[in-house]
Amino acid sequence: MNLSPAIPESSPAQTSKVVTFGIPSYNAEKDLDRCVTSILEGSDFAEDIEIIVVDDGSKDGTPALADAWVERHPGIIRAVHQENGGHGMAVLAGLREASGTYYKVVDSDDWLDAASLSRMLEILRGFKERGERVDLFIANYVYEKVCEGKSHTISYHRVLPEGRVFGWGEVRRFLPSQNLLMHSLCYRTDVLRREALPLPAHTFYVDNIYAYVPLPRCETIYYADLDLYRYLIGREGQSVNEATMVRRLDQQFRVTRIMMGAYHLFDDVEEVHLRRYMMGYFTMMMAICSVFTKLSPDPAKPRELAELWAELKAFDLRMYHRARFGMIGLGTNIPSPVGRRMTLGLYRLAGKIVKFN
């Protein structure tokens, strides 16, 4: 499966950089300038930030564009060129090279809000000046719906304490629309390097692993009610486009299996609030597999889904019962043709409410 090796906490050495922004980039020449510019301008070209553009074997003008940015801002921007390995390998390449105390992934077709980024940097610098260890910084993200000309914000201000450091014990219940995705997370770099991140090569949807596996390592958290990350969505062929997700269902299964095997949640995660959240996230992943199996024209997919559920049952019976027989599990696995239509109707209704694709 080509999972990543552990990245030593000591590489690279500690520097004055407060945060590294890793930009995984594949054939990104149309979008990369906007992404990099948003970080430079939002940070006011600060010398204590770092941008690492990871050219993941691009076949367009991305490599030259990345190198041009390095020439213009050699103290801030670096470029990494590698053979194509997929999004996960690009994320790990940026992490491997990062010298910032914190690490945030910004996909090349997305961007950061300038005012929110400025405020985030003030907060992170404050942690560093006070010698205060915070493992995870969380901010809001905004779906930018290109086809509709609309935006939709995912906020956590009724779930997480605001403006102070807290632990998982103070977290309230998340709504299904409020999962902590990669867009909302900025980890301490040493948290991500503590153990290997099991990101497989040439696989989409690995951002779910990135937003799930490191969470139990995070003991101290800070949430800022800032609409920081702007997530461009709705383009034809995008990985979360419905037709694309149907074609890549095998990759969804692969990612879900990795998340399944990461933890026996009821044994390995002691904090009740975190365990409840992670169980909800994992249930959502199983539900996605169930829904897109119903959308797939491949006659083999129902059998493969049944095998996935059987693997979960054998791996952890309690997790299986929570995922399969809770409201979401029941609602996305209704048998019979009538049940299929009901499941797809519920899914499309959820899509209109949550606006996730």
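Okay, quick definition to start: two rings of Phe, Tyr or Trp count as a pair if their centres lie within 6.5 Å. Keep that in mind, and remember that this is a predicted model.

So, which residues do ring pairs link into a cluster? They are Tyr-156, Phe-174, Tyr-212, Tyr-223, Tyr-263, Tyr-277 and Tyr-281. Searching the whole structure turns up 14 aromatic pairs. One of them is Tyr-156 with Tyr-223, an edge-to-face pair with 6.1 Å centre to centre and 90° between the planes. What I like here is where the two partners come from. Tyr-156 is in the loop between strand 7 (150-154) and strand 8 (165-166), while Tyr-223 belongs to strand 10 (residues 221-233), so the pair links parts of the chain 67 residues apart. Buried or exposed, then, for Tyr-156? Tyr-156 counts as buried because its relative accessibility is 0%, and Tyr-223 is buried too, also at 0%.

Now, the nonpolar core. The largest one has 110 residues, and Phe-21, Ile-49 and Ile-51 touch the most other members. Helix 10, residues 272-295, gives the most to this core, with 12 residues. There's also a second, separate core of 5 residues, including Val-54, Val-80, Ala-90 and Ala-93.

Skipping neighbours within four places in sequence, its contacts include Ile-39, Ile-49, Ile-51, Val-106, Leu-112 and Met-120. Glu-50 and Lys-104 are on that contact list as well.

Arg-188 has its charged end over the ring of Tyr-102, 5.9 Å from the ring centre. Over at Trp-309, the charged end of Arg-324 sits over the ring, 5.9 Å from its centre.

How values were computed:
Residues numbered from 1 in each chain as written. Predicted model: local features only at pLDDT ≥ 70, side-chain atom pairs only at ≥ 80, totals over all residues. Heavy atoms only, no water. Core = buried A, V, L, I, M, F, W, Y, C linked by side-chain atoms within 4.5 Å. Buried < 20%, exposed > 50% of the residue type's maximum accessible area, 1.4 Å probe, protein only. Helix = DSSP H or I, 4+ residues; strand = E, 2+ residues; numbered from the N terminus. Contact = heavy atoms within 4.5 Å. Phe/Tyr/Trp six-rings, centres within 6.5 Å; stacked < 30°, edge-to-face > 60°. Lys NZ or Arg CZ within 6 Å of the ring centre and 35° of its normal.
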